[in-house]
Amino acid sequence: MEMRRLGRTGLSIAPLVFGGNVFGWTADEKTSFSLLDAFFDAGFNAVDTADVYSSWAPGNRGGESEAIIGKWLKQSGRSRDSAVIVTKVGSELGPDRKGLSRRWIMQAVEDSLRRLQTDYIDLYLSHWPDPDIPYDETLAAYDTLLSQGKLRAIGASNLDAQQMRDALDVAAGKDLPRYDVLQPEYNLYDRASYDVPLRNLCIAEEIGVITYFSLARGFLSGKYRSHKDLEGSARGGGVKKYLDGRGMRILGVLDEIAEETGAKQAEIALAWIIAREGVTAPIASATNPDQLASLVRSAELALPEEAIRRLNEVSE
């Protein structure tokens, strides 16, 4: 498996990251274990989660995904350094359990370490911007945790170009660790928030990029083509916005390339991201063996230049 350098973190990851948002939600513990085994057996090495996953599922409180990953790593017999674990802090878990203050970060990281059953986190991300906390407070907290060996690298999710620039400037001006990884929403449909200024900044600053909603909440798999298709789906509410003319045009080109290559639409959509300059790896999830096998194929798929050109044009 080809490994890619994740910015300046010193970490190397395979060109696809497993999305752990499904653990404890649409994948129970037993299923999650088998999916993680298959993913790592195929040569991949990184899994993405967050302290808030999967609090939205009935009966959950948050932390379920981290707990499943921690139990899997213990029972799998794999060495800790064989897995790159990405988790996040900042989403609301309660009235005083949210944001990017030093107080909450220092507590939240201990909670995540306990659930993950590990003494360090490979990559810790600020999940959302926190307008109430200055960058230097957040980065100073991370500095402490990095020096303690509890974190190996830090990054941020959902920052725009100006916010990332400001955070980098504060880090440089106050001799604090900088965000070396960005996790933006990015896929063939949702390109505007990352492409151009933010992408150019990440390339220039050698910032690693792992994208989320890489399949547009499942829309780019081609399984949702009408409002009727959304009925009974756990993801239906989030997919509805893609059922417009733009979405159908993108699916149309994916259908054409699928016919030409024999690959599935989801594999093509992920292969397009994998081939993009300025992206280290997309995040994608699976809830059954067939979906997992499709993820593996996507990382092996080399799209013809003509196919990439058509996808670029229809999604611009």
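Predicted model: local features only at pLDDT ≥ 70, side-chain atom pairs only at ≥ 80, totals over all residues.

Trainee: Which residues bring H1 and H2 into contact?

Mentor: From H1 come Glu29, Ser32, Phe33, Leu36, Asp37 and Phe40, and they meet Ile68, Lys71, Trp72, Gln75 and Ser76 of H2. Sorted by class, this contact has five nonpolar, three polar and three charged residues.

Trainee: What makes H2 and helix H3 oblique to each other?

Mentor: H3 spans residues 102-116, and its axis crosses that of H2 at roughly 45°, the two coming within 7 Å. Since roughly parallel requires an angle under 35 degrees and roughly perpendicular one of 65 to 115, H2 and H3 are described as oblique. Glu66, Ala67, Ile69 and Gly70 of H2 meet Ser112, Arg115 and Leu116 of H3. That contact has three nonpolar, two polar and two charged residues.

Trainee: How is the packing of helix H9 with helix H10 described?

Mentor: H9 (residues 265-274) and H10 (residues 289-300) pack at about 40°, and their axes are 8 Å apart. This angle makes H9 oblique to H10. H9 passes H10 in a right-handed crossing. On the H9 side, Glu267, Leu270, Ala271 and Ile274 take part, meeting Ser294, Leu295, Arg297, Ser298 and Ala299 of H10. By class, there are five nonpolar, two polar and two charged residues in the contact.

Trainee: How do you know that the buried residues of helix H6 are on the same side of the helix?

Mentor: The buried residues in H6 (residues 197-204) are Leu198, Arg199, Leu201 and Cys202. They cover an arc of only 160° around the axis, which places them on the same side of H6. Pro197 and Ala204 are exposed, and they are carried by the face turned away from the buried side.

Trainee: Against which elements do the buried residues of H6 pack?

Mentor: They pack against helix H5 (161-173), strand E8 (181-183) and strand E9 (208-211).

Trainee: Why does valine 196 count as exposed?

Mentor: Its relative accessibility is 53%, and exposed means over 50%. Valine 196 therefore counts as exposed. This residue lies in the loop between E8 and H6. Although valine 196 is not a glycine, its phi is positive, about 80°.

Trainee: What makes glutamate 206 partly exposed?

Mentor: Glutamate 206 has a relative accessible area of 36%. Buried means under 20% and exposed over 50%, so the value falls in between and glutamate 206 is partly exposed. Glutamate 206 follows H6 and lies in the loop between H6 and E9. Phi of this residue is near 55°, a positive value in a residue other than glycine.

Trainee: Why are positive phi values worth a remark?

Mentor: Most residues other than glycine have a negative phi, and most peptide bonds are trans.

Trainee: Which peptide bond is cis?

Mentor: The bond from tyrosine 53 to serine 54 is cis, with omega near -5°. Serine 54 lies in the loop between strand E4 (46-48) and H2.

Definitions and conventions. Residues numbered from 1 in each chain as written. Heavy atoms only, no water. Buried < 20%, exposed > 50% of the residue type's maximum accessible area, 1.4 Å probe, protein only. Helix = DSSP H or I, 4+ residues; strand = E, 2+ residues; numbered from the N terminus. Arc of directions from axis to C-beta. Contact = heavy atoms within 4.5 Å. Nonpolar A, V, L, I, M, F, W, Y, C, P; charged D, E, K, R; others polar. Axes fitted to C-alpha atoms, helices over the stretch in contact; angles between N-to-C directions. Parallel < 35°, antiparallel > 145°, perpendicular 65-115°, else oblique. Left-handed = near helix turned anticlockwise from the far one by under 90°.
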